[in-house]
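Here's a quick briefing to read alongside the structure. Have a look first, then skim the notes below.

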Amino acid sequence: MATVTFDQATRLYPGTEKPAVDKLDIDIADGEFLVLVGPSGCGKSTSLRMLAGLEDVNSGRILIGDRDVTDVPPKDRDIAMVFQNYALYPHMSVADNMGFALKIAGVSKEERAERVREAAKLLDLEDYLDRKPKALSGGQRQRVAMGRAIVRNPQVFLMDEPLSNLDAKLRVQTRTQIASLTRRLGVTTVYVTHDQVEAMTMGDRVAVLKDGILQQVDTPRNLYERPKNVFVAGFIGSPAMNLLELPVADGGVIFGGIVYPVPGSVLDAAAGNTVTLGVRPEDLVVSATGEGLPVEVDVVEELGADAYIYGHTTLDGKNHDMVVRVDGRRPPMKGDSVFVRPEQGHVHLFDTSSGLRLAETV
Amino acid sequence: MSETSNAQWHDEPTDYEQAGKLPRLRPASSESPSLGSLNITAAATDPELLDLPWHIALEQWPASALAALPRGISRHIVRFAHLGGSVIAVKETSEHIARHEYHMLRKLQRLDVPCVEPVAVISGRTTPDGDELDPVLVTRHLKFSLPYRALFSQTLRRDTLTRLIDAQALLLVRLHLIGFYWGDVSLSNTLFRRDAGSFAAYLVDAETGELYPELSTGQREYDLEIARVNIAGELMDLAEGGLIEEKVDPLATSELIMDSYRRLWTELTEKESFELGERWRVGARIRRLNELGFDVEEYAIKTAVNGTQIQLQPKVVDAGHHSRRLLRLTGLDAQENQARRLLNDMDAYRADNNPTLDEEFSAHLWVNEVFEPIVRAVPRELGGKLEPAEVVHEVLEHRWYMSEREDRNVPMAEAVQSYLDDELRHRRDEAEIMLTADARTIGIDEDSEYGDN
């Protein structure tokens, strides 16, 4: 078991000016499940491969425990890349399928058997150890593949989009299994995904990256409730937060026909005459009395108890998409026009030019 | 508008976001089922693609749509089907993976790396009831290529195995030279073609691969480590199934790839220093690389400050030295070792018959008088056994052994007849060998009905 430290770790590809990963600083606790998430090209996989030793670190350091592994070859880092290859061998028993890498590493027969048995117990595969993989179900085969990584007793598990190959059903099932298993094993895990829902449901903490730069690393709840900047605000949450650039007035922000009250000290901190106001779809209220911002309904997605309105409003002559959660029993119709306003105390304010958060939720 | 006109054809975009061309319309055919709104990304338009039953899950494709042997090595569901005159492999996977792999294979092809040919990505598949089906990646089956598990009928012999691993190491070196990190190197993810007694390896699965401007030592070493572990696992599995000679040690054999790879990598990339007076070593190094089948397109020569030492490092090496020479002289397209073999015969032919003739002209005569007569002598029904270049190589070999055995110069016509009767006729067809179900690894997300086989 070990901590993992990215200390100003930077990866600059030859012939490029902008680092793929720029001065990354993350301290991962022993046994923690940390998820790296971000859009394509954000540097999440590069960061993972730097930890694995598959990318050179051009400046800064990477530590596993107290050991500086910056220049240590991948195979000597005591890490396991999970699901690298999960083809199972048809003539070998389940036990051999799980333990063959240990045999290659020269681990004794007794110890191999012991480690395989332990892993099989955790994975609920004890009864199948002598069978051939063809006798297993899809889910059981997936667990055998996980067993391959577990028997190696690594200090750190590294997983790069391990579920992307699986069909939707097996993906959700395996997601839960991985999260609970790594917690039971207490092995520090770094997990890469582009899917923020996966990130939020699996991670103890989630690190959001964009353009090679760490935007925020925090618990899923804090990322959701207190995004540090506009990017994180828009990236975390599904459907995404509504982000609107709105003019500042005395005592608040002009939100359609109303002024949403904001303390003057918060607004003073903003650089220009506008602020970016963020409000999640569930924090908007449909106003019966026609107050707030008019939204024209384009699509209504009915989910039973709730419904989501996908519509648009007009700001400064330009259309702007809006998503609003409404009562599923009485949703408006496509083509309707409704007025919405934020629920008091659920608004996130960001400086329009820097994109940084201005204050606690107001 | 016909109901088939909903299918969208796209020219291959240079990136995922770039929009394709306008849809090309195709007249409705009476037996054609509804295509829904298929989205097809392809480099060249194969209209026959539309005749395949995309509205049916791959697992349930009717036998009439499939090429003779149904399954390949993959963790996904894969089927082989006929498309025009060739056989295609169809793999069901996620759209992201299908597109990634398609574009990666396109790039590798442009970089002249031996790999399977990507044909298309087809998404937007639905059943007649409107249920969504997984997108597919379509690749063209490599004619005369063999999965490693098809290279033995009873047991895999040790020397065959060694040659396979050498071919795999060469492929890995070539991939690494262009900056390709494979991420899942294994015998299963490679196809082999016979190459004058050796093998030429082709990359089949680029799902986990990425192209970089250049690879770090860590990346190369890790790929090699993956290769070693996977090959050991594959051989242990063969050993468990009694499909490999008993004297083969899976672990020791898997380590051969490390040696083979490192030897080749060093020879191709190592900096060499020598005294100013030993300039002949520049030429010697280049000849050595040519012998290994590489051309040096660019190299760096530096002299040390005191001017007495020269440092030489090949910068850009390009595989296919002999294939290119053969192609230039004769227009024949062959694997590297086949080309080497044919060139040797061609050079000997010139020395024996017309040493004063231009190389090009003599090569032309050799094709007319040696190569083509042999190929023409192969009866049509034996045409699917081996590739023409391999047949010529084997005939030359056969004639040499025959002559030695009988201690006389066996005429070509006699050697050819004897080869056809005693050798070729008894071989199986290798033009379109695919695997049977019991000779493959098992994918995790496959249905366990596989076990019934």
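Predicted model: local features only at pLDDT ≥ 70, side-chain atom pairs only at ≥ 80, totals over all residues.

Residues are numbered from 1 along each chain as its sequence is written, while chains are lettered from A and ligands numbered from 1 in the order in which they are written.

**Chain A overall**
- Chain A has 9 helices and 20 strands, taken as DSSP runs numbered from the N terminus (helices H or I, at least four residues; strands E, at least two).
- Its C-alpha atoms fill a box of roughly 75 × 50 × 35 Å along the principal axes.
- Of its 362 residues, 44% are buried, meaning 20 or more other C-beta atoms, placed from the backbone, lie within 10 Å of the residue's own.

**An open sheet in chain A**
- Five strands pair antiparallel in the order β13-β12-β11-β14-β20; pairing takes at least two DSSP bridges between two strands.

**Nonpolar cores**
- The largest core has 171 residues; a core is a set of buried Ala, Val, Leu, Ile, Met, Phe, Trp, Tyr and Cys residues joined through C-beta atoms within 7 Å.
- Helix α2 (residues 158-177) of chain B gives this core its largest share, 11 residues.
- Apart from it lies another core of 19 residues, including B:Leu342 and B:Met346.

Key: Buried ≥ 20, exposed ≤ 12 C-beta atoms within 10 Å, placed from the backbone.
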